[in-house]
Amino acid sequence: MHRCLCIPDILFTIFSFVFNSKIVDLIHPGVKIDRTFYSLPGLLPSLHCVDSPSLLHLALTCRAFCGPALNILYSHLKDIRPVIEPLPQELVLRPWVHCTSQSLFTLICHPARIKILDSFLEYDHPAYPAILANAPKNAPLFPNLRSLTWHNCQLNSIPALSLLLPTVENLSLTMSTSFGEAVIPGLCAAAPRLKALELRGKLITLDDPCNIDSLIRSYDPEGLTQLSLRYCNIPSNLLHVIARWPCLYRLTLRLGLDSIPTIPVERVPQPFSPLMDLHISCKDLGLVKSFLCACRMIGVHSDGKIYSLACTNLHRIHITAARCSTASIWSELLSIAIHATLEDMIFAEKCDSICLTHSSIEFHSLLKHPTSLAKLKTLVLSPGPALSIVLTDSDILVLAYTCPHLNFLDLGVRNTPVSLYSLDTFVRRCRELFQVSICVDAGLDSLGATPSTHRNNVGLPPNTRLVKLEVGESPIGCLESSDPPMAPDLVMSIPRFLHEMAPFLRGITERPPGVWYIEEAIHPWENVSYVLEAMVTGDI
């Protein structure tokens, strides 16, 4: 074995990459995106996509690998079952008879290695309460614990929970009324290092913001910087409280009709001024504009036109709505977004049914301030079925030059189709792009004469990062007869064109699932996808 592999820091770097490799495969590092309906991300890191088996195999490879691999393997736990399963069976079944508190605690496996813990409500291991009861009272149960997700809201006092809190910086709590009344007042003393707080469940205690207000005031101004309340509608009186928070960098909340303050937020020079990440779920996008206006986060002329965004530090905005909104609301939100230099812009609607008259918005309106899009990495505009996005070949070309660092584009495949040549230019110029969801025109003459704008692409290398392309129900050249279902020349020319554009693109993805279904036939886009995969694997 090479001597470099005996250096713990090198092993830690390699094993960390292996441990997080599934996350890298699923989503772009650093950008948490739930593609189901673009649900708001949690405040704490997800533990469901890590590659634990590979770390275990590395730990069993040799003694030099064992320690570093186990350090990472035990650093992220979905529950404490792996910690107490190695305990002798007689201690697990009757711990109050067979051991003292110190002997039980010393038998717990690897407590110092645990940094992230997700304690599930349904956990009913018999040794679980015994560990909490018998743990040393003069030291944390897990001395290096940094992130804790606690689902067990049956506790009605903080002492048992406080055994886990002294070193915790990121905390997610599932709340009940009695649990909230017991935990919130003593949280500052129990968790002095807390920086990020997520409260889940029906927060009845939030109707009276005094507890939250006192909690915020009890921390150092540079301390608590992230707050998430995404499981219940936030009351307007609480918004008045957190608007004065001087160091709130990340805010996640759910808006309802009663969330919008009837009286504008006052007594603070600029509410939410340090905000960098804003995540909002709501019934419709109109509530978002009302929220921004009531909190004085946007500047509006007397004629109603928006001219500025007060949150100059905002880098990420993520809005998810349950219902369809009108084209005017969408246009207003886009006009707000272009006044900030964003890195991630996500506007998505969950509705599947057409509840409004069909309308459209101009994508070109997003390109009025190109300098504000220069740092954009994620762009998601996914409206409901009542809205379409007017996108031209010129728009997609301007986007390619404006957003050179874009790595994720999703227009909900609700845009007007763009040519394959424009897609080729866009993908080649956005070198960091790895996923695209867009409607394209692949008609019979789609690969005819090369347009003049495409001749400038001579010499541009292919995009080696693009691995996923969604085209929905994009038009594709078909013959009149159903056998063959696609023009013979397009069966090869379109996959060859796409393969030259992105050599690691293994296929085309349908969206939504089932949209390509044809009874007793293969959809033309499925043919393209099959050929494309064969090209990547070398079968063609």
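A contact, on this tour, means heavy atoms within 4.5 Å. Before clicking, know that this is a predicted model, in which local features need pLDDT of at least 70 and side-chain atom pairs count only at pLDDT 80 or more, while totals for chains, interfaces and linings use all residues. Residues are numbered from 1 along each chain as its sequence is written, and side-chain values use heavy atoms, with hydrogens and water left out.

**Stop one: R200**

Select R200, which is found in strand β5. Strands (E, at least two residues) and helices (H or I, at least four) are DSSP runs, numbered from the N terminus. What does R200 touch, leaving out residues up to four places away in sequence? Show H151, S172, L173, T174, M175, R230 and Y231, and you have its contacts. R200 counts as buried because its relative accessibility is 18%; the cut-offs are under 20% relative accessible area for buried, over 50% for exposed, and partly exposed in between (1.4 Å probe, protein chains only).

Next, select 170-174, strand β4, where 5 of the 5 residues are buried. Which strands pair with β4? Two strands pair if DSSP finds at least two bridges between them. Strand β3 (residues 147-150) runs parallel to β4 and is joined to it by 4 bridges; W150 has L173 as its bridge partner there. Strand β5 (residues 196-200) also runs parallel to β4, with 5 bridges joining them, and E198 is the bridge partner of S172.

**Stop three: the cysteines**

Select C324 and C351 and draw the S to S distance: 2.4 Å, a disulfide. The rule is a pair of cysteine sulfur atoms within 2.5 Å, and by it the count comes to 1 disulfide. The link of C324 and C351 is right-handed, with 110° about the S-S bond. C324 lies in the loop between β11 (316-321) and α16 (327-337), and C351 in the loop between β12 (344-349) and β13 (359-362), so the pair ties together parts that are 27 residues apart in sequence. Both cysteines, C324 and C351, are buried.

C403 is buried, at 0% relative accessibility. Click over to C62 for a contrast: with a relative accessible area of 26%, C62 is partly exposed.

**Stop four: helix α15**

Select 286-294 for helix α15, a mostly covered helix with 7 of its 9 residues buried. Color these: G286, L287, V288, K289, F291, L292 and A294 are the buried ones. Following α15 you'll find R296, with a positive phi near 55°.

Finish with I7, in the segment before α1 (8-19). Is I7 buried or partly exposed? At 39% relative accessibility, it counts as partly exposed.
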